[in-house]
Amino acid sequence: MGEVNFHNIDSIVEEIIGGKRIKNEDDTSFLLNTPLEKLQQGALKLQQHFCGNHVDLCTIINARSGRCGENCRYCAQAACHKTGVDEYDFLSTEEILENAKANEAVGVNRIALVTSGRALSGKDFEKALATYRVMKDKLTIKLCASHGIISREQFKKLREAGVTRYHHNIETSERYFPEICTSHTYEDRIRTIKAAQAEGLEVCSGGIIGMGEGWQDRIDMAFALQELGIQSIPINILVPIPGTGMEHQAPISSDNALRTLAIFRFINPSANIRMAAGRKVLPKNGATAFQGGASASITGNM
């Protein structure tokens, strides 16, 4: 960012509004050293400039649950974990459509079908395509999909069926990723995101904080998303679930989470920073997040 004084938060905000972007090679120590309230004030100014006062809402429907063969340590749906999570096959089009209509009626902007497993394929993928076609015909709400590590050809079919955005988190930094999952790689996730973009889909991608990663891992994740051009970034706060590999992970503080949201706003100023799972650790059930960087939220039963 040229000659920006990184110890003057107001000048940094003005530089960003003027078109500058913080890069990985810049001194980012101000993100950790600035008092939280002051950092949030700057993040709010960026949020209001780039996103206005609108809060973008996206609802998720868990369209296929449980029995996942991957070993993500945080996940209740991994078959290697004993969590008592609901297990069911791909929902009927009728049930999904009813849910989607209810969300559309209350002003939700987008709805996402999410399925467990490494990748949606075969008959279930065909069911998903048929369901998206019906939703496109019957609804005005925008359609999002989250079906794992799928192929470029599948992305093409999703787009043709009416899907406009694909959700696929990178979860954490490249360095820390092997600590949370070994059944697939960080590069698998990056490759999937780029394939979706190559087929003309927007991508929603973020991660989970509070899994034992360091501050630099979060900053690295924010820069990775900047480099990918991601404009919808969900931030989940880990809720340790009994039976998972992270059931004993100590929860992070609300200030820790709020600083993270502000950091993501400074590094990705024009993106929708989207509150997702774990918001109950924040004051006022997450309402404070929207005064310090967050401009969007995932709704629905998570």
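Trainee: What should I know before I start?
Mentor: This is a predicted model, where local features need pLDDT of at least 70, side-chain atom pairs count only at pLDDT 80 or more, and totals for chains, interfaces and linings use all residues. Residues are numbered from 1 along each chain as its sequence is written, and side-chain values use heavy atoms, with hydrogens and water left out.

Trainee: Which residues touch the most other members of the largest nonpolar core?
Mentor: Tyr132, Met135, Leu158 and Phe266 do, in a core of 82 residues. Helix H10 (residues 254-267) gives the most to this core, eight residues. A nonpolar core is a set of buried Ala, Val, Leu, Ile, Met, Phe, Trp, Tyr and Cys residues joined through side-chain atoms within 4.5 Å. Buried means under 20% relative accessible area, exposed over 50%, and partly exposed in between, with a 1.4 Å probe and protein chains only. Helices (H or I, at least four residues) and strands (E, at least two) are DSSP runs numbered from the N terminus.

Trainee: Where does UniProt put the "binding site" feature?
Mentor: The unreviewed UniProt entry places it at Cys144, Cys204 and Arg274. Such annotations may be inferred rather than shown by experiment; positions follow the numbering used here, and feature names are shortened.

Trainee: Is Cys144 buried or exposed?
Mentor: Cys144 is buried, because its relative accessible area is 2%. Cys144 sits in strand S3 (residues 142-146). Beyond its neighbours within four places in sequence, Cys144 contacts residues including Arg110, Tyr132 and Arg165. Contact means heavy atoms within 4.5 Å.

Trainee: And Arg274, buried or exposed?
Mentor: Arg274 counts as buried, at 1% relative accessibility. Arg274 is in strand S8 (residues 272-275). Not counting residues up to four places away in sequence, Arg274 touches Asp56, Cys58 and Arg165, among others.

Trainee: New topic. How many cavities of 30 Å³ or more are there?
Mentor: One. Its lining is Ile209, Gly210, Ile237, Leu238, Pro251, Ile252 and Val281. On a 1 Å grid over the protein atoms alone, a cavity is a set of points where a 1.4 Å probe fits but cannot get out; a pocket is an open set with protein on both sides within 12 Å along at least five of seven lines; lining residues have an atom within 4 Å of a point.

Trainee: What is the volume of the second largest pocket?
Mentor: About 190 Å³, where a volume is the space filled by probe spheres set on grid points joined across faces, edges and corners. Helix H9 supplies the largest share of the lining, five residues.
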